[in-house]
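Work through the exercises below with the sequence and the coordinates at hand. Each task is followed by a solution in steps.

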Amino acid sequence: MMREDNLVPRQRSRLSVVCAVVLGILALGFSFLLDSDRFTERLGLIALCITLETSLYSVCLFAEEWIFHLKQRYRGQIRRIVEACFNGHVLLGMLLIYLLLKLGGVSFSYEQLSTISLTCAVYMFSKSLSVLALAPVEISEICEVRKMNVAHGLAWSFFFGYLRFVLPDLNEKVRNNATRMRLSSHRLHILLPLNAAAPNKPEDEDDHVVFHENLPELQLNRAGVRQRSYKNSVYKITGRNNETYYCALEYATPLQTLYQMSQDRNAGFGEKERKEQVLLFYRTLSQILENDPDCRNLFRLVLINDEHTGEAHYLSREIIQHLTQQEGEIHMNPIQENLVHPLPEKGVMRDVHGAAAEDQMSSNPTLMFSLPGSLRSEPVETTDDYGQ
């Protein structure tokens, strides 16, 4: 199975901030050793230059927004332009630094004023020529933190528009034996190819993955459409030793949007960006579903490496590996107060729903309990088979 930990990007840490603070402290110490007499005054002047040049560039931003975008973007409210262009902390810091310098006896000579003016000029030209533009990694971090990526919108849309009500309904259908064939897993397996190419039929990719049946439809009134239908399909997966598995699976339909965007030049979406968005979609969707109590443990996201798409039966191998991995998983679901069962009889093992083990044998792992016996009692040999 492809290791998602080695492929899916993790959230960025604060290491860059720590490094910047450490380097800043070292630079301050070096400057103090070179000229300790005027260290405080020079530090204040440099801080004043930085806050002043930032505020001046905010004035340029304000001019653009006020002249050309006042009505369309800000509904004619100048206050909103000020909030969008100026940083209150920077303005407050600039005034505070200026007051501290004046109270400290700094008279701002012509040489100092000239230095401040030149610093502001260099900053303005650098910003205008994009010399001080954000690095690509900084833009990526901003988009991820503020949930501004295409993948974030697609993941949330997929959740609220489909998975949020389909997953609990699928679980109820499996519990009520709505399928003609006993499923190898109660979860919905969502396939996510890294190249975002989601075929209409999995059989086109692997003939060991064959359509078996459709589950009963779920009909809901959605956005003006009466009795909109939602349904899931069960597929039969055949292994290399002719063993068979049955599970509900489908491709993540939002990936088709990412793929089509990468094929349209107007979207400005290349192959590199497409793969990054697929991985970010995987991470975001996984976090959303894991944090939702109604969907947790009801899904399985299967990443499909596009490097193996030319291999025979690669898709069935990936799915079977996920199915076999689930057989050893135990999920501690929240205890429901309305599920009150009597204590099991001595020597009889029951699952968390109160059913005897011999009455409910399935491939789905369950947590089994038995009454504690005396440590001095004679050992009892048991040959009961609790196999899958």
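The exercises concern a predicted model and treat its sheet, a surface patch and its salt bridges in turn.

**Exercise 1. Determine the strand order of the open sheet and identify the strands at its edges.**

Step 1. The open sheet is formed by 5 strands, and their order is β2-β5-β6-β1-β7. The pairing within this sheet is mixed.

Step 2. β2 (209-214) and β7 each have a single partner strand, so they stand at the edges and one side of each lacks a neighbour in the sheet.

Step 3. On average, neighbouring strands of this sheet are turned by 40° against each other, with direction ignored.

**Exercise 2. Describe how β1 is paired with β7 and with β6.**

Step 1. Strand β1 comprises residues 188-193 and pairs with β7 in the parallel sense over 6 bridges. Within this pairing, Ile190 stands opposite Leu301 of β7.

Step 2. Strand β6 (residues 244-251) also pairs with β1 in the parallel sense, here over 4 bridges. Leu188 stands opposite Ala248 in β6.

**Exercise 3. Which residues form a nonpolar patch on the surface?**

Step 1. The patch consists of Leu15, Val18, Val22, Leu23 and Leu26, which together have about 490 Å² of accessible area.

Step 2. Val18, one of these residues, is located in helix α1 (residues 15-34). Val18 has a relative accessible area of 47% and is thus partly exposed.

**Exercise 4. How many salt bridges are counted, and where do their partners lie?**

Step 1. Side chains of opposite charge can pair when their charged atoms come close. With a cut-off of 4 Å between side-chain nitrogen and carboxyl oxygen, the count comes to 3 salt bridges.

Step 2. Arg14 and Glu141 meet through their side chains at 3.9 Å, N to O. Arg14 belongs to the segment before α1 and Glu141 to helix α7 (residues 136-145), so this pair ties together parts that are 127 residues apart in sequence. Arg14 is exposed, with a relative accessible area of 55%, while Glu141 is partly exposed, with 23%.

Step 3. The side chains of Arg79 and Glu83 form a salt bridge at 2.9 Å, N to O. Both residues lie in helix α4 (residues 78-85); because they are 4 residues apart, about one helical turn separates them. Arg79 is exposed, with a relative accessible area of 52%, and Glu83 is exposed, with 52%.

Step 4. Lys173 and Asp169 form a salt bridge at 2.8 Å, N to O. Helix α8 (residues 150-175) holds both, 4 residues or about one turn apart. Both Lys173 and Asp169 are buried.

Note on methods: Residues numbered from 1 in each chain as written. Predicted model: local features only at pLDDT ≥ 70, side-chain atom pairs only at ≥ 80, totals over all residues. Heavy atoms only, no water. Pairing = 2+ DSSP bridges. Helix = DSSP H or I, 4+ residues; strand = E, 2+ residues; numbered from the N terminus. Patch = residues over 30% accessible without salt bridge, like charges linked within 9 Å, V, L, I, M, F, W, Y side chains within 5 Å. Areas by Shrake-Rupley, 256 points an atom, 1.4 Å probe, with all protein chains shown as cover. Buried < 20%, exposed > 50% of the residue type's maximum accessible area, 1.4 Å probe, protein only. Axes fitted to C-alpha atoms, helices over the stretch in contact; angles between N-to-C directions.
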